[in-house]
Amino acid sequence: FKTADKCTCMPKKNTFTQPTIPSLFFYRPDGKLPESKAIYTLKHKRYSELYDFVAEELAPKIEDLLKELEISPEDCIFTYIPRTKKGLKKNGFDQSELLSQRLCAKLGAAASLPLLTRNGGKEQKKLSKHKRKQNAESALFANISMRGIKNNSQKRFAEFLSGKTVI
């Protein structure tokens with residue numbers, strides 16, 4: 001597994017080194033802007049309607065990017081950056097996992113899977129762009145064990161992943 005900026009398996013149509021992840025707005029932890037309040041709510045409350053709304057807003061941006069890259073949503077697997085153990089314990093859910101599942105369903109993607117695992121790291125929100133990258137590189141890893149997937153299914157799982165685009 002490689003980080004996206006080192007990936008050599010991008011589609012031929014891709015003219016840039018790393019696709020930009022579509023975003024609706026930039027989150028500011030001070031919470032003064034309405035959009036930052038929405039993100040805060042996503043992180044701390046399990047409001048199904050808000051997850052549906054954000055997935056509804058992000059889906060067209062992702063569809064446009066996939067169309068540009070000539071990738072079918074059915075050939076995509078969504079994953080997410082897992083929440084810290086502290087965040088899971090405090091809130092009882094992983095907001096990224098919930099959003100990944102909603103986007104997967106909205107776009108008709110192959111699956112939403114926990115392909116990443118976290119091992120330490122600092123809270124990202126107060127770090128600079130450069131420090132965030134360093135933090136992610138030292139704390140996030142491919143989920144080799146594929147927790148939740150039985151050993152006898154690992155070969156079938158590897159075949160399932162073959163040829164898929166991970167978002």
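Trainee: Which strand does strand 1 pair with, and in what sense?
Mentor: Strand 1, residues 76-78, pairs with strand 2 in the parallel sense over 2 bridges, where two strands count as paired if DSSP finds at least two bridges between them. Within that pairing, I77 stands opposite A111 of strand 2. This is a predicted model, in which local features need pLDDT of at least 70 and side-chain atom pairs count only at pLDDT 80 or more, while totals for chains, interfaces and linings use all residues. Residues are numbered from 1 along each chain as its sequence is written, and side-chain values use heavy atoms, with hydrogens and water left out.

Trainee: What's the strand order in the open sheet?
Mentor: The open sheet has 3 strands in the order 2-1-5, with parallel pairing. Its edge strands are strand 2 (111-112) and strand 5 (165-166), each of which pairs on one side only.

Trainee: And how many helices and strands does the protein have?
Mentor: There are 6 helices and 5 strands, taken as DSSP runs numbered from the N terminus, with helices being H or I of at least four residues and strands E of at least two. Along the sequence the pattern reads α-α-β-α-α-β-β-α-β-α-β.

Trainee: Switching to cysteines, how many disulfides are there?
Mentor: The structure holds 0 disulfides, a disulfide being a pair of cysteine sulfur atoms within 2.5 Å. For C76, the nearest cysteine sulfur is that of C104, which is 9.3 Å away.

Trainee: Are those two buried or exposed?
Mentor: C76 is buried because its relative accessible area is 0%, and C104 also counts as buried, at 9% relative accessibility. Buried means under 20% relative accessible area, exposed means over 50%, and partly exposed is in between, using a 1.4 Å probe and protein chains only. Over the whole protein, buried residues make up 27% of the 167 residues.

Trainee: What about the second largest pocket, what volume does it have?
Mentor: Its volume is about 260 Å³, meaning the space filled by probe spheres set on grid points that are joined across faces, edges and corners. A pocket here is found on a 1 Å grid over the protein atoms alone, as an open set of points where a 1.4 Å probe fits, with protein on both sides within 12 Å along at least five of seven lines, and lining residues have an atom within 4 Å of a point.

Trainee: Which residues are closest to its centre?
Mentor: Of the 14 lining residues, P82, R83, K85, L88 and R118 are the closest to the centre. Helix 3 (85-91) and strand 3 (116-118) are the elements that give two or more residues to this lining, and the largest share, 3 residues, comes from strand 3.

Trainee: How does that lining divide by residue type?
Mentor: It divides into 4 nonpolar, 4 polar and 6 charged residues, where Ala, Val, Leu, Ile, Met, Phe, Trp, Tyr, Cys and Pro count as nonpolar, Asp, Glu, Lys and Arg as charged, and the others, Gly among them, as polar.

Trainee: Last one, where is E70?
Mentor: E70 is found in the loop between helix 2 (48-68) and strand 1. Its phi is near 60°, a positive value in a residue other than glycine, and E70 counts as exposed because its relative accessibility is 62%.
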